[in-house]
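Dear colleague,

I am passing a structure on to you, and below it I have set out what was found, chain by chain and then contact by contact.

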Number of protein chains: 4
Amino acid sequence: MSDAKDHCGLIGVYGCEDAAERVYYGLYSLQHRGEESAGIASTNGKDIICHKGMGLVSEAIKPDMLKSLKNPVAIGHVRYSTIGSNNIGNAQPLLVDYYKGKVAVAHNGQLTNAKRLREEFEANGSIFHTTSDTEVIVHLMAKPLHMMQKSLSPVLSQLHGSFSLLFLTPDEMVGVRDPHGFKPLALGKLNHGYVMASETCALDQVGAEYIRDINPGEAVYVSKNGIQSEYYCPQRQIKPAFCIFELIYFSRPDSKIYGESVHLFRKRLGAKLAEESPVDADVVISVPEGGNSAAIGYSHASGIPIDRGFIRNHYVGRTFILPEQERRHRVVELKLNPLRETVEGKRVIVIDDSIVRGTTSKSRIGLLRRAGAKEIHLKISCPPHRYPCYYGIDFQHKGELIAAHHTIEEIRKFLNVESLSYLSIDAMMSCTTQSQERFCNACFTSRYPTPIEENTKKLVEREVVREISKVN
Amino acid sequence: MSDAKDHCGLIGVYGCEDAAERVYYGLYSLQHRGEESAGIASTNGKDIICHKGMGLVSEAIKPDMLKSLKNPVAIGHVRYSTIGSNNIGNAQPLLVDYYKGKVAVAHNGQLTNAKRLREEFEANGSIFHTTSDTEVIVHLMAKPLHMMQKSLSPVLSQLHGSFSLLFLTPDEMVGVRDPHGFKPLALGKLNHGYVMASETCALDQVGAEYIRDINPGEAVYVSKNGIQSEYYCPQRQIKPAFCIFELIYFSRPDSKIYGESVHLFRKRLGAKLAEESPVDADVVISVPEGGNSAAIGYSHASGIPIDRGFIRNHYVGRTFILPEQERRHRVVELKLNPLRETVEGKRVIVIDDSIVRGTTSKSRIGLLRRAGAKEIHLKISCPPHRYPCYYGIDFQHKGELIAAHHTIEEIRKFLNVESLSYLSIDAMMSCTTQSQERFCNACFTSRYPTPIEENTKKLVEREVVREISKVN
Amino acid sequence: MSDAKDHCGLIGVYGCEDAAERVYYGLYSLQHRGEESAGIASTNGKDIICHKGMGLVSEAIKPDMLKSLKNPVAIGHVRYSTIGSNNIGNAQPLLVDYYKGKVAVAHNGQLTNAKRLREEFEANGSIFHTTSDTEVIVHLMAKPLHMMQKSLSPVLSQLHGSFSLLFLTPDEMVGVRDPHGFKPLALGKLNHGYVMASETCALDQVGAEYIRDINPGEAVYVSKNGIQSEYYCPQRQIKPAFCIFELIYFSRPDSKIYGESVHLFRKRLGAKLAEESPVDADVVISVPEGGNSAAIGYSHASGIPIDRGFIRNHYVGRTFILPEQERRHRVVELKLNPLRETVEGKRVIVIDDSIVRGTTSKSRIGLLRRAGAKEIHLKISCPPHRYPCYYGIDFQHKGELIAAHHTIEEIRKFLNVESLSYLSIDAMMSCTTQSQERFCNACFTSRYPTPIEENTKKLVEREVVREISKVN
Amino acid sequence: MSDAKDHCGLIGVYGCEDAAERVYYGLYSLQHRGEESAGIASTNGKDIICHKGMGLVSEAIKPDMLKSLKNPVAIGHVRYSTIGSNNIGNAQPLLVDYYKGKVAVAHNGQLTNAKRLREEFEANGSIFHTTSDTEVIVHLMAKPLHMMQKSLSPVLSQLHGSFSLLFLTPDEMVGVRDPHGFKPLALGKLNHGYVMASETCALDQVGAEYIRDINPGEAVYVSKNGIQSEYYCPQRQIKPAFCIFELIYFSRPDSKIYGESVHLFRKRLGAKLAEESPVDADVVISVPEGGNSAAIGYSHASGIPIDRGFIRNHYVGRTFILPEQERRHRVVELKLNPLRETVEGKRVIVIDDSIVRGTTSKSRIGLLRRAGAKEIHLKISCPPHRYPCYYGIDFQHKGELIAAHHTIEEIRKFLNVESLSYLSIDAMMSCTTQSQERFCNACFTSRYPTPIEENTKKLVEREVVREISKVN
């Protein structure tokens with residue numbers, strides 16, 4: 001039930017006659033990572049051309065353009081823009097002209113020093129055409145000093161925060177992950193070429209085989225000379241801090257993220273929930289789509305049978321806009337209809353992936369109640385969200401994180417359920433198959449893996465406050 | 001996996017200030033019944049206005065138009081058009097002017113004597129503006145003899161075949177089912193008004209409470225004088241023959257059809273499958289969306305755990321068009337991605353709702369095999385389709401019904417599965433909670449409940465032959 | 001300055017491989033006769049297809065469709081719809097299916113007995129899909145009695161009022177003028193084929209040579225058997241009554257209408273003005289476009305030099321919509337800018353083709369005054385409009401005909417000009433090169449050439465009254 | 001008949017509540033100066049917002065956006081883009097972010113040192129987002145040295161070539177003309193505010209009163225402190241060289257350009273033609289629109305009566321595209337239809353404003369001949385074009401300037417006219433009311449008022465050669 005949104009999805013294909021078309025289909029697989037704009041840049045080894053537009057992939061890019069395009073290298077991007085900046089100028093890939101020629105960049109993440117870098121550039125006479133923090137990267141690349149280098153190291157080593165990046169020049173495609181590896185980026189093999197993508201479901205889509213992830217602090221260069229790896233920062237700066245929320249919420253269940261199967265991870269979350277907060281009930285249901293995998297885990301672990309509790313209307317999409325507040329409730333109902341036959345007169349366990357503001361959850365619980373549920377036990381497959389994310393997840397724009405200001409008992413009363421359980425932090429962390437140290441869970445714990453510049457902190461907090469005051 | 005398509009969905013709202021807007025949201029709930037065009041006609045008691053267009057509800061009708069519309073009565077229609085006639089002229093409701101004033105008609109079904117009636121009218125000087133068989137109904141209404149009547153009986157008694165109808169005049173809304181009740185039509189109460197809709201999920205959507213179905217051979221008139229029921233044909237002609245395929249395939253699981261819960265019916269189909277063709281296996285998966293309910297039934301009955309075997313890409317919709325044959329395979333993959341973690345090295349039971357041509361099924365089975373499934377046992381929650389439908393389901397246009405020309409063993413080999421089971425006719429029929437005599441299952445048994453005129457038969461068969469020759 | 005609008009323009013091409021494309025360009029030449037919708041119907045000898053849409057030809061019809069269309073016969077239509085009926089359903093050609101097959105009809109004019117005929121048809125069970133009076137024509141054609149005839153005579157002889165018609169069937173193209181010949185229709189030769197069009201400028205456009213007009217009461221059939229003429233009514237009913245306003249206002253100056261050169265006719269109007277109301281002045285200017293030809297005639301006759309007084313902005317078209325009343329003045333200025341150099345300090349004679357309501361004229365006179373004109377002598381190249389037209393010109397919808405309710409001196413004061421002159425009726429009629437008896441000038445004289453049915457009269461008058469009350 | 005195109009039109013409004021809306025209507029008046037894109041930037045004193053799009057003003061900008069916009073300052077731009085660069089990225093005003101904040105720039109003209117400046121910036125690490133030479137201006141503004149200045153002098157003094165500019169910052173609007181004043185820019189007063197525009201017809205449109213031109217080498221700053229003038233370069237560098245072609249061809253007849261009435265200037269051209277190359281004839285006609293004013297001058301001077309020789313179809317606009325070569329001829333006919341009544345059997349003098357390639361002229365002369373003209377005497381109201389323009393007129397892209405390679409007698413034969421006369425350079429220059437030294441007539445004389453950098457020269461010449469080789 002979370003409305004948290006990731007900032008982007010990336011895919012690049014190198015060495016394949018219909019690279020642009022494959023990127024196009026790959027973006028379909030990554031569409032859940034960004035619905036506001038989509039773009040594809042491709043090169044024939046000489047020039048780079050870029051198609052981009054607002055909206056879903058199907059709206060933003062005409063497949064006709066791509067079919068005739070025989071460029072063997074292409075990168076693509078889908079974007080979720082934060083409030084106030086959803087304009088075509090900020091759509092990516094960002095294509096610019098500088099002394100060395102053209103370069104296109106696609107970025108997933110958030111730079112924590114973008115504001116400061118930008119001010120320095122502007123003070124030296126640079127001009128910015130977008131409000132995106134990605135533009136500082138190309139300004140760094142254009143610095144005369146940096147231009148003399150073959151490597152991107154001097155540029156990348158100046159970036160702070162989270163960034164998975166794809167670069168496209170007429171000669172090569174480069175994939176980069178920040179030294180913490182906040183955001184995922186996978187590498188695959190496709191015939192004689194290579195593919196890099198935010199999630200492995202996009203590799204499946206384009207027919208590529210998963211090899212490994214790009215590592216934290218690594219830049220992988222693909223060119224006619226083959227594939228080359230470079231670590232652009234000292235080893236001591238490389239400290240994995242993979243975003244755990246990718247596994248809990250953002251990624252598709254059929255993806256491997258950080259080498260973990262998302263579906264299996266979520267099933268384990270569900271099983272842990274059954275272990276930590278067992279309850280006697282008749283049936284387990286999930287709130288589609290987010291709770292589906294955890295509900296199966298819960299059912300298997302508890303022995304309580306799973307059934308369908310909501311039917312989702314697949315025709316209610318992003319474009320369904322009902323701006324007036326009074327109609328919000330109707331839209332919630334339009335998307336999910338409860339199955340009376342499943343819940344009537346039953347003690348029902350409901351599995352969901354998160355509660356942000358609480359209003360959507362309240363509305364759906366109400367539907368179940370009206371459909372006759374006797375008892376409702378709501379179980380959330382992660383701990384309460386209490387802290388802002390400075391690495392690219394806009395919890396902050398979603399206003400009041402209900403768990404930041406209320407006890408669980410207060411939330412239970414607000415939602416009007418018989419019981420409400422969150423997963424504990426320890427239980428959640430135990431569901432990974434690798435060292436727990438390699439993850440960032442700051443939104444639950446406030447243990448931020450990097451220092452946050454004071455003005456970034458303020459920027460984010462001010463927005464939270466503003467949002468909260470809007471709500472109240 | 002069926003590509004069979006129903007012909008329409010209907011909804012009407014009487015006595016509600018925002019009737020047109022409710023019909024609009026109701027059509028969203030019925031969208032799965034027809035994606036080619038959508039329309040809404042509404043009246044203020046004096047004039048009738050009609051908005052319609054091609055495509056999904058969200059494309060065909062602008063909600064802006066409706067918001068300002070304070071007409072208290074409206075009917076709506078979504079349509080799936082057969083090949084060659086998908087033009088705006090055939091979109092419904094059909095609004096015409098005749099001696100008594102304006103009338104709008106919305107039709108779900110197929111008249112088996114439309115061609116003959118049309119020829120008679122044309123020979124007498126009538127002019128047709130559409131190629132839809134619905135237009136003969138308004139010509140019948142315009143006959144001077146019929147116009148003198150208060151009742152629709154003289155008109156309705158001349159129609160053969162399947163028809164659930166909604167009529168809208170400035171004075172009243174009328175809902176009708178044919179004497180066999182081939183197609184569903186439910187009646188609900190909404191505050192001081194009434195709602196009629198093809199499925200009860202649309203009643204849920206608009207906030208109405210289900211009362212009962214319109215009965216076979218019944219016309220229900222709603223006006224300022226309240227609600228009145230009329231049986232427009234002699235009792236002996238009323239012989240229920242409800243389309244069983246509505247329960248198996250067309251309707252939404254959260255609907256009640258003919259008073260049956262679709263979800264429970266399908267769970268029983270799954271349980272019967274487990275009983276009729278048990279197999280030792282590790283996991284039960286479904287082919288979304290169609291197999292979901294039956295798979296739960298199968299799992300519960302067999303004790304074999306259910307898990308997610310495919311992840312559906314919700315962004316791949318109707319508008320996704322890849323005209324070139326060579327790319328068909330890629331689209332199948334784009335919609336469903338297999339979950340390797342669920343099936344790898346496992347003996348997998350796959351539950352699906354139907355096999356029509358077999359090619360789509362074959363492609364998806366291939367995906368599972370490549371994802372590492374050790375054994376695949378495909379189970380279909382209905383018997384093989386072998387006969388054409390003359391009442392509105394265009395199996396015929398879908399070409400070769402694979403089961404009409406091949407043995408089950410041949411199909412099993414074609415699909416390359418370890419075992420293939422269909423449900424028996426008896427088992428299927430035993431899943432209803434009412435007398436089996438009340439259903440039409442002619443597409444499985446060839447027991448057609450009405451005589452079929454020779455030229456209709458030929459028309460349909462010619463199309464089947466044509467389609468088959470295209471395929472081979 | 002008149003806002004009176006004709007009802008349509010017609011063109012048909014027979015026997016030319018790119019008939020539809022020629023019709024398309026021909027409609028461009030006739031665009032001034034109707035800007036609300038455009039359509040083309042064409043046949044390959046078997047089927048008829050029809051493309052039509054709202055707006056200008058360039059908006060309504062995609063030339064791509066036509067380029068690939070190798071049908072050798074096509075008819076086209078542009079339409080100006082009266083208020084309240086500007087919908088796509090009323091766009092023409094009207095294409096229908098009846099017992100004999102398909103027929104497309106295009107109509108210029110107004111039937112004075114359409115309402116009565118329609119009521120008779122409806123009483124007999126016919127259904128109407130449009131609100132256009134043209135639809136009664138196809139209902140007449142579909143009458144079993146009429147269908148047995150080869151000729152259109154039985155149909156045409158029942159129509160009253162004004163009608164120039166083009167019919168298209170798979171076999172032939174037919175051009176018709178009513179017995180009074182109210183509306184023009186010219187016949188031309190194009191290589192081995194024939195062209196019929198409302199104005200000869202369209203013949204020029206498609207490369208055809210003008211032969212003669214279709215005569216009043218004549219139907220000309222073009223088929224593979226060549227061209228055949230038929231007079232469909234008794235000779236005594238044929239009484240030419242050509243609309244004089246076609247020559248004064250509607251038609252393009254480069255057309256021949258009723259065999260008269262429009263440009264020369266208007267130059268004679270201007271010369272007569274110089275003769276009837278001479279005035280001492282420094283310069284003659286026209287209000288473009290309408291006054292251009294008459295101004296040349298005035299200048300030549302009077303010896304007073306002509307100059308450009310207004311510059312027209314060619315980018316201000318039909319689509320320029322400023323709905324708010326307060327902005328009307330600004331739009332007038334946007335279309336025509338006065339040339340200060342021509343009028344400053346001068347005694348200026350201004351030639352215009354008409355004054356309807358007076359407000360537009362007043363605004364433009366104001367522009368000249370502010371540009372420094374010392375004296376303004378406004379001369380109108382026709383007499384004052386005082387009576388409604390029942391044959392297809394919607395003066396009536398334009399509300400208050402200022403001359404119907406005010407003396408010329410009152411109008412002069414309202415417009416604030418030094419002098420105002422209209423042409424006399426006798427002078428106007430003397431400008432034709434044929435017998436004055438052959439023209440209808442009822443809008444100036446109230447001498448209607450046909451009886452007007454009482455309910456038509458009332459209909460029109462009610463609208464005038466309604467419009468007037470809106471204005472006041 | 002010229003296809004030469006200017007590069008832009010500018011308008012700015014300061015101090016008027018509906019500034020953006022006035023700019024919008026003002027752009028309608030300047031539309032003839034650029035049909036490829038249009039844009040408006042406006043400020044409320046804090047932020048600047050910019051609307052722009054491809055196509056005509058009516059297509060590019062939605063008036064709805066502007067109506068609600070209460071910003072008191074706005075600038076607008078229409079653009080004619082040269083081949084290969086007609087993309088939205090190059091549409092103006094160009095809005096950028098730099099150290100001092102936001103600035104929007106609109107440019108009419110062509111910088112002759114843009115390529116060199118751009119290379120210098122890129123070598124120093126700057127990034128360009130457009131291919132327009134206007135972007136170097138904002139890079140100059142962003143130079144730290146320049147930013148410390150209040151004045152634009154340091155920036156403007158580095159620009160070579162032709163430039164009329166409008167700048168918009170949250171605080172002020174600035175209008176600039178280059179030291180030669182190649183392109184016009186007029187200053188007007190509107191209530192308590194100011195307007196600057198390329199032509200005075202736009203001042204008329206927005207209701208402003210013409211005060212004077214911005215002078216060559218002058219920058220005029222308008223802010224809440226009022227209006228301030230600054231000469232940004234030494235007096236000795238200011239050498240007026242007004243483009244004479246603005247008077248002959250580009251500007252609207254109802255504009256004052258460089259203080260000259262365009263209409264009167266053209267009438268004098270016509271009168272000089274009558275003096276230099278008299279011929280005995282029956283009638284004078286013009287090729288609309290360009291020849292209209294000169295034809296009046298010719299008629300008045302010669303005493304030979306003027307009449308209408310062509311009727312222009314106002315519905316044939318920019319959007320009329322017939323890509324296939326074979327159809328070019330048809331489009332020419334579609335735009336202008338000859339008036340047989342005027343020319344048949346007559347000796348006709350035809351006045352046109354230019355001949356570029358000769359093909360269009362030849363086609364139109366052919367129309368007159370077929371309409372029966374006995375003799376055709378073509379008179380061009382300027383001398384032959386023989387040299388490229390480096391200041392913003394793309395004769396070069398229009399390929400073979402026929403007069404650059406052929407004698408007048410050769411052209412006469414090619415056009416098939418009885419006589420062909422151009423105006424002499426001396427006669428043309430004598431038509432101005434000010435010193436002839438103040439004009440640039442290099443396209444006729446090759447006397448370029450500035451040195452042209454060698455690489456600019458080559459660039460232009462290469463294009464000419466390329467175009468010529470395409471033609472042959």
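What does the accessible surface of chain A come to, and how much of it belongs to carbon and sulfur atoms? The area is about 17,100 Å², and 49% of that belongs to carbon and sulfur atoms. Please keep in mind throughout that this is a predicted model, so that every value below is computed from predicted coordinates.

To stay with chain A for a moment, there are 19 helices and 23 strands in it, and 63% of its 472 residues count as buried. Among the contacts in chain A between residues at least 6 apart in sequence, 70% join residues at least 24 apart.

Next comes the pair of chain D and chain C. Chain D is superposed on chain C by a rotation of 180° with 0.0 Å of shift along the axis, at an RMSD of 0.1 Å, and the two copies are thus related as by a two-fold rotation axis. The C-alpha of chain D nearest that axis belongs to D:His314 and lies 3.5 Å from it. Both copies use the same surface, since 100% of the contact residues of chain D recur in chain C.

The contact between these two chains takes 50 residues from chain D and 50 residues from chain C, and it buries about 4,500 Å², with 51% of this area on carbon and sulfur atoms. On the polar side, 6 salt bridges are found across the interface of chain D and chain C, together with 25 residue pairs in polar contact, where both residues have pLDDT 80 or more. One salt bridge joins the side chains of D:Lys256 and C:Glu341, with 3.2 Å from N to O. Several elements of chain D give two or more residues to the side that touches chain C, among them helix H8 (200–206), helix H10 (262–276), helix H11 (292–302) and strand S18 (310–312); the largest share of that side, 6 residues, comes from H1(D), a helix that spans residues 19–30.

The pair of chain C and chain B can be described in the same order. Here a rotation of 178° with 0.1 Å of shift along its axis superposes chain C on chain B, again with the RMSD given as 0.1 Å. Of the residues of chain C, C:Ser126 comes closest to the rotation axis, its C-alpha being at 3.2 Å, and 100% of the contact residues of chain C recur in chain B, so that the same surface serves both copies.

In this contact, 20 residues of chain C meet 21 residues of chain B, and the area buried between the two chains is about 1,700 Å², of which carbon and sulfur atoms give 60%. Within chain C, the residues that lose the most area to chain B are C:Asp97, C:Ile127 and C:His129, which together account for 35% of what that side buries. The interface of chain C and chain B holds 2 salt bridges, and the side chains of C:Arg118 and B:Asp97 meet in a salt bridge with 3.3 Å from N to O. There are also 6 residue pairs in polar contact between chain C and chain B, both residues being at pLDDT 80 or more. The elements of chain C that give two or more residues to the side touching chain B are strand S5 (94–98), helix H4 (114–123), helix H5 (135–142) and helix H6 (144–147).

With best regards

Methods
Residues are numbered from 1 along each chain as its sequence is written. Chains are lettered from A and ligands numbered from 1 in the order in which they are written. Side-chain values use heavy atoms; hydrogens and water are left out. Copies are superposed by least squares on the C-alpha atoms of residues with pLDDT of at least 70 in both. Contact means heavy atoms within 4.5 Å. Helices (H or I, at least four residues) and strands (E, at least two) are DSSP runs, numbered from the N terminus. Buried means under 20% relative accessible area, exposed over 50%, partly exposed in between (1.4 Å probe, protein chains only). Accessible areas come from the Shrake-Rupley method with a 1.4 Å probe; for residues, only the protein chains shown count as cover. Buried area is the accessible area (1.4 Å probe) that two parts lose on being put together, summed over both. A salt bridge is a side-chain nitrogen of Lys or Arg within 4 Å of a carboxyl oxygen of Asp or Glu. A polar contact is a pair of N or O atoms within 3.5 Å; within protein, one must be able to donate a hydrogen and the other to accept it, and residues adjacent in sequence count only if both atoms are side-chain atoms.
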